[in-house]
Amino acid sequence: MSAHCQLTGRQPGFGNNISHSHRRTKRRFNPNVQHKRYWLPSEGRHVRLTLSTKGIKTVDAIGVEAAVARIRARGGKV
């Protein structure tokens with residue numbers, strides 16, 4: 001599973017772990033990505049979206065139809 005939000009486009013960030021002795025090793029900051037299943041009334045089927053928690057809140061605010069339209073406008077597959 002890639003840590004990538006279909007709606008907001010949020011991706012992993014990269015940085016360093018810094019130990020007590022100040023040695024640095026690479027690390028990855030993954031967004032909180034969840035798989036959510038929504039009913040899409042216009043198509044009469046369920047869609048499974050990979051969303052960050054901010055993306056889930058956005059779907060709750062604007063509705064699943066508008067969210068799917070935004071994903072398709074970005075060139076995403078639903």
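Residue numbers start from 1 along each chain as its sequence is written, and side-chain values use heavy atoms, with hydrogens and water left out. Because the model is predicted, local features need pLDDT of at least 70 and side-chain atom pairs count only at pLDDT 80 or more, while totals for chains, interfaces and linings use all residues.

**View 1. Helix H1 packs against helix H2.**
H1 covers residues 53-62 and H2 covers residues 64-73 (helices are DSSP runs, H or I, of at least four residues, and strands, E, of at least two, numbered from the N terminus). Their axes sit 6 Å apart at an angle of about 125°, so the pair counts as oblique (under 35 degrees is roughly parallel, over 145 roughly antiparallel, 65 to 115 roughly perpendicular, and the rest oblique).

**View 2. Here's where H1 and H2 meet.**
Thr-58, Val-59 and Ile-62 from H1 touch Val-64, Ala-66, Ala-67 and Arg-70 from H2 (contact means heavy atoms within 4.5 Å). Sorted by class, that's 5 nonpolar, 1 polar and 1 charged residues (Ala, Val, Leu, Ile, Met, Phe, Trp, Tyr, Cys and Pro are nonpolar; Asp, Glu, Lys and Arg are charged; the others, Gly among them, are polar).

Glu-43 pairs with Arg-45 at 2.7 Å, N to O, and with Arg-72 at 2.8 Å between the closest N and O atoms (a salt bridge puts a side-chain nitrogen of Lys or Arg within 4 Å of a carboxyl oxygen of Asp or Glu).

Terms used:
Axes are lines fitted to C-alpha atoms, for helices over the stretch in contact, and angles run from 0 to 180 degrees between N-to-C directions.
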